[in-house]
Amino acid sequence: MRYLVTGAAGFIGSHLAEALLAAGHEVVGVDCFTDYYDPAEKEQNARGLDVRRLDLAEDGLDLAGVGGVFHLAGQPGVRSFGGAFPLYLRRNVLATSRVFDAASAAGVRVVFASSSSVSGDAEAYPTPEDARPLPISPYGITKLACEHLVRAYGLDAVVLRYFTVYGPRQRPDMFFRRVCDALVSGGSFEIYGSGEQSRSFTDVADVLAATITAMDGAPAGSVFNVGGGEEASMLEAIALLEQISGSSLDVRRGDRARGDVARTKADVTRIGEALGWSPKVTLADGLARMWSWASAKVAAQ
């Protein structure tokens, strides 16, 4: 099968493209290589992949011969208030509408990467997919808008709500990447808020399995949580990485970030029943793999 992967030079997208190629598929990648973080790092992610530079908010998308689209591209991060918000509208809502336009015209199935951020401070934990979405960040609002676009277009599409994905190639602004970098450098680490915030941390390998399975087997119109089986607080996760690395951090507390939820915990009953998926990678094993990558990356530099 020939697949198109948007955001193919990013953290999850580059892993997905590689997994599809390893399974014998043909992959065409698309990425805008924005300056949200160092484009050179994304170039490194994309080594060996066919990744075309396109701005999905304005460039045309040719889906001739494509059997399915994995739409992972977007502007990430919950710190999306004020002057940054127009970028989120452009790179999430506008770009996604154009991808959906092309997929609708071509009659191509789409797997869309949404986010647990659509739930905000959820009304129940673990949070099922049919809980009322109440996003508290502009980022979460744009992701929810894209979910509504799926329905508006009547696409053959599947929505996956990723919960705090981590692993090798994680973006420099993300929590575990920042912790690893601080452990390598021996400096201090500032945590936003008390550190008691907790997350359904999800290893990228589990995310890939869910994403590929959804393309092949999920009913059109499905919405699934993709979340790790273990919940941990930020401080617990730091302690685990300290144990894995054999180093310690001077953790300092800053103000809680606006738009940052207190807790996420995914109810994955629906995806388990429909697709037979469940998270397999323990937090300890996943963080050990991430630490190995992060420390090797710094050593190579």
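The expected span of a helix is 1.5 Å times one less than its number of residues. Helices (H or I, at least four residues) and strands (E, at least two) are DSSP runs, numbered from the N terminus. The model described here is predicted: local features need pLDDT of at least 70, side-chain atom pairs count only at pLDDT 80 or more, and totals for chains, interfaces and linings use all residues. Residues are numbered from 1 along each chain as its sequence is written, and side-chain values use heavy atoms, with hydrogens and water left out.

**Helix H3**

Helix H3 covers residues 85–106; because each residue accounts for 1.5 Å, its 22 residues should span 32 Å, and the 31 Å between its end C-alpha atoms agrees. A kink of about 25° in H3 is centred on Ala95, where the bend is the angle between axes fitted to the seven residues ending there and the seven starting there. After H3 comes Gly107, with a positive phi near 65°.

**Empty space**

Rolling a probe the size of a water molecule over the atoms shows where empty space is left. On a 1 Å grid over the protein atoms alone, a cavity is a set of points where a 1.4 Å probe fits but cannot get out, whereas a pocket is an open set with protein on both sides within 12 Å along at least five of seven lines; lining residues have an atom within 4 Å of a point. Grid points are joined across faces, edges and corners, and a volume is the space filled by probe spheres set on the points.

The second largest pocket holds about 220 Å³ of space. Its lining consists of Glu18, Glu41, Gln44, Asn45, Arg47, Arg169, Trp293 and Lys297. Helix H2 (39–45) and helix H9 (283–300) each give two or more residues to this lining, and H2 gives the most, with 3 residues. By class, the lining has 1 nonpolar, 2 polar and 5 charged residues.

The whole structure contains 2 cavities of 30 Å³ or more.

| Cavity | Volume | Lining residues |
|---|---|---|
| Largest cavity | about 40 Å³ | Ser116, Ser119, Gly120, Ala122, Tyr125, Thr127, Phe163, Arg263 and Thr264 |
| Second largest cavity | about 30 Å³ | Tyr166, Phe201, Gly229, Glu230, Val281, Thr282 and Leu283 |

Ala, Val, Leu, Ile, Met, Phe, Trp, Tyr, Cys and Pro count as nonpolar, Asp, Glu, Lys and Arg as charged, and the others, Gly among them, as polar. The lining of the largest cavity divides into 3 nonpolar, 5 polar and 1 charged residues.
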